[in-house]
Amino acid sequence: LLYNPPVAGTAGQASPPFINIGSMKNTGIDMEVSYRDNWGNLGFSGTMIFTTYNNKITGISESVKYFASGSSEIGTIVRNGEGQPLSSFYGYKVAGIFKNTADIENSADQNDAQPGLLKFENQDTLTNVYWVQERYKRKNFIDYRDKTFIGSPNPDFTYGLDLALSWKNFDFSAFFYGSQGNEIFNYNKWYTDFWPSYEGQ
């Protein structure tokens, strides 16, 4: 795992070298089954492939707790941490949608909370202090510390089917491929579902 770590400003314009920041482990199965035959002028061949693997970061340098990538307008999308799959998605876990003002009052304090907007899951026990009816009231709140690992782009398994058929001087081939069990970070939704972010720009 090669990584280009940030350096202190006192280093000037020097480019930091890539270092071996950690280690990871891959285990899995890769299979292929093929069949070929001819019947006179007719020929057929078929190949099936199946792959499944498990990826895990087993160690990271003591000088770095994690390393991130995929910067965007909503922060870094990917975080690599020990015990997690490589390139895991990192962010807020959605607990539901705010139904009404009562739901907002009974939930952790969240900036710009309104009925119909996403409600994020509280991952810690930190509280804010509010002055309510001449007394102090503590309430959980949502901030950057509530971000957590929310998914992996690594599939549970992939599969494919390669078919070929020939007759005299003609041939036909087709290839099918699938990936199952991996999460996808749909960044397009930032522009469609969160359009108020661009108001006034």
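## A strand pair

In this predicted model, alanine 68 has arginine 79 in β6 as its bridge partner. Strand β5 covers residues 67-72 and runs antiparallel to β6, with five bridges joining the two. β5 and β6 make a hairpin, and two residues lie between them.

Arginine 79 also meets two rings. Arginine 79 sits over the face of tyrosine 66, at 3.5 Å from the ring centre. Arginine 79 lies over the face of tyrosine 90 too, at 3.8 Å from the ring centre.

## Aromatic pairs

The whole structure holds seven aromatic pairs. One joins tyrosine 90 and phenylalanine 149: the ring centres are 5.2 Å apart and the planes stand at 75°, over the 60 degrees cut-off, so the pair is edge-to-face. Tyrosine 90 is in strand β7 and phenylalanine 149 is in strand β12, 59 residues apart. Tyrosine 90 is buried, at 14% relative accessibility. Phenylalanine 149 is partly exposed, at 25%.

Tyrosine 92 and phenylalanine 120 form a stacked pair, because their planes are at 20°, under the 30 degrees cut-off. Their ring centres are 4.8 Å apart. This pair links the loop between β7 and β8 to strand β9. Tyrosine 92 is partly exposed, at 27%, and so is phenylalanine 120, at 23%.

One aromatic cluster is made of Phe50, Phe157 and Tyr159.

## The largest pocket

The largest pocket has a volume of about 1,400 Å³. Its lining has 37 residues, and Tyr92 and Phe120 are among those nearest the centre. By class, the lining has 19 nonpolar, 10 polar and eight charged residues. Elements that each supply at least two lining residues include β6, β7 and α2.

Definitions and conventions: Residues are numbered from 1 along each chain as its sequence is written. This is a predicted model: local features need pLDDT of at least 70, side-chain atom pairs count only at pLDDT 80 or more; totals for chains, interfaces and linings use all residues. Side-chain values use heavy atoms; hydrogens and water are left out. On a 1 Å grid over the protein atoms alone, a cavity is a set of points where a 1.4 Å probe fits but cannot get out, and a pocket is an open set with protein on both sides within 12 Å along at least five of seven lines; lining residues have an atom within 4 Å of a point. Grid points are joined across faces, edges and corners, and a volume is the space filled by probe spheres set on the points. Helices (H or I, at least four residues) and strands (E, at least two) are DSSP runs, numbered from the N terminus. Ala, Val, Leu, Ile, Met, Phe, Trp, Tyr, Cys and Pro count as nonpolar, Asp, Glu, Lys and Arg as charged, and the others, Gly among them, as polar. Two strands pair if DSSP finds at least two bridges between them. Rings of Phe, Tyr and Trp (its six-membered ring) pair if their centres lie within 6.5 Å; planes under 30 degrees apart count as stacked, over 60 as edge-to-face and the rest as tilted. Buried means under 20% relative accessible area, exposed over 50%, partly exposed in between (1.4 Å probe, protein chains only). A charge sits over a ring if NZ of Lys or CZ of Arg is within 6 Å of the ring centre and within 35 degrees of the ring normal.
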